[in-house]
Amino acid sequence: MEEAAAHNGSAAGTGTGTGVGSGSPAAARPPATPEGMALAYGSLVLMALLPIFFGALRSVSCAKSKNSSEMPETITSRDAARFPIVASCTLLGLYLFFKIFSQEYINLLLSMYFFVLGILALSHTISPMMNRFFPANFPNKQYQLLFTQGSGESKEEIVNYEFDTKDLVCLALSSVVGVWYLLRKHWIANNLFGLAFSLNGVELLHLNNVSTGCILLGGLFIYDVFWVFGTNVMVTVAKSFEAPIKLVFPQDLLEKGLEADNFAMLGLGDIVIPGIFIALLLRFDISLKKNTHTYFYTSFVAYIFGLGLTIFIMHIFKHAQPALLYLVPACIGFPLLVALAKGEVTEMFSYEESSTPKEVPGASKEETTEASKKEK
């Protein structure tokens, strides 16, 4: 079966993978039924909520982890300001590649790339759940994958990944899904990889403070609006790009079953970008030590409202919508109003994530800490 984007007339986006689209039926394809559309968009909303909710919960334990293989990647204000520019260059680069080179060969390379990434992401996602199914007497051995550069005092770690036998079992199971996706490009396999990418993104990408989150979301708000409404670049790339960078669900599932091919889609950027901000607010809630998750639940409800509004507007105007146009004001505005009402705006914007500074080879702890501060 062909990739979802090939059957769809509207954008799911790349770079950050943003945008919401519904199938634009070909002349021979009957329009989707109201029941089919309701099932498709309801499923997309549910699938979007799962990685945000569980990814945010896992981000709390991830922030406290001492295991170098599970350490989060902290996004600073400088990173946030550059991200829309990098995403735009990537999107435009892909557009030019698809215009100049054979789409078939490009997608073959991308399929292999996302095959490997998808297996690793899915394995990391299911590992905590699978641990419950292993018997107590399971022969579990510890392993470490270590790559270094240089020698002596100048030796620097490039890769330091710790895993065990249980992780290898999860990797084998994930490989089955990977082969299924590689051979069939089935929408269920696509969604399993997409959900894994989203959950890992929300769990492992940490904003260092609320101001950085506002910079990132604000920049991608402009990025999304420009590339969806200002040009046809995002739509073109989305329809050409065969990779699990979007969640899809068939609108004709009730008529055709698992072989349905008229898809509604949601870009992963519309999950991960608001998701890492929502996860930050959960960690802020915990830092207040009030045994409430007010800001987390407020932003979570705001996300549902924003995504629902996106789908509604899309059907009113019959045009693909940049979802961040609605998600960003909702996800920032709702928690900010709550903070104003509770008199906690200062606490919200002064909250700073405490992260372990990256070691600088040959530098003292004080110099390493100082270098980390300058990064912010």
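User: What should I keep in mind about the numbering and the cut-offs here?
Analyst: Residues are numbered from 1 along each chain as its sequence is written. The model is predicted, so local features need pLDDT of at least 70 and side-chain atom pairs pLDDT 80 or more, while totals for chains, interfaces and linings use all residues; side-chain values use heavy atoms, without hydrogens and water.

User: Why is the Tyr-143 and Phe-163 pair called stacked?
Analyst: Rings of Phe, Tyr and Trp (its six-membered ring) pair if their centres lie within 6.5 Å; planes under 30 degrees apart count as stacked, over 60 as edge-to-face and the rest as tilted. Here the centres are 5.5 Å apart and the planes make 20°, so the pair passes as stacked.

User: What does that pair tie together?
Analyst: Tyr-143 sits in strand β3 (residues 142–149) and Phe-163 in strand β4 (residues 156–164), so parts 20 residues apart in sequence are tied together. Strands, by the way, are DSSP runs of E with at least two residues, and helices are runs of H or I with at least four, numbered from the N terminus.

User: How do you know whether Phe-163 is buried or exposed?
Analyst: Buried means under 20% relative accessible area, exposed over 50%, and partly exposed in between (1.4 Å probe, protein chains only). Phe-163 has 19%, so it counts as buried. Tyr-143, with 36%, is partly exposed.

User: And what makes the Phe-296 and Tyr-297 pair tilted?
Analyst: Their ring centres are 5.3 Å apart and their planes are at 55°, so the pair is tilted. Phe-296 is buried at 1%, whereas Tyr-297 is partly exposed at 46%.

User: Why is β6 called mostly covered?
Analyst: Five of the five residues in β6 (residues 246–250) are buried. Lys-246, Val-248 and Pro-250 point one way, and Leu-247 and Phe-249 the other.

User: How do you know that β6 pairs with β7?
Analyst: Two strands pair if DSSP finds at least two bridges between them. β6 and β7 (residues 263–267) have five, in the antiparallel sense, so they pair. Val-248 stands opposite Met-265 in β7.

User: Which residue classes make up the lining of the second largest pocket?
Analyst: Ala, Val, Leu, Ile, Met, Phe, Trp, Tyr, Cys and Pro count as nonpolar, Asp, Glu, Lys and Arg as charged, and the others, Gly among them, as polar. That lining has eleven nonpolar, one polar and two charged residues.
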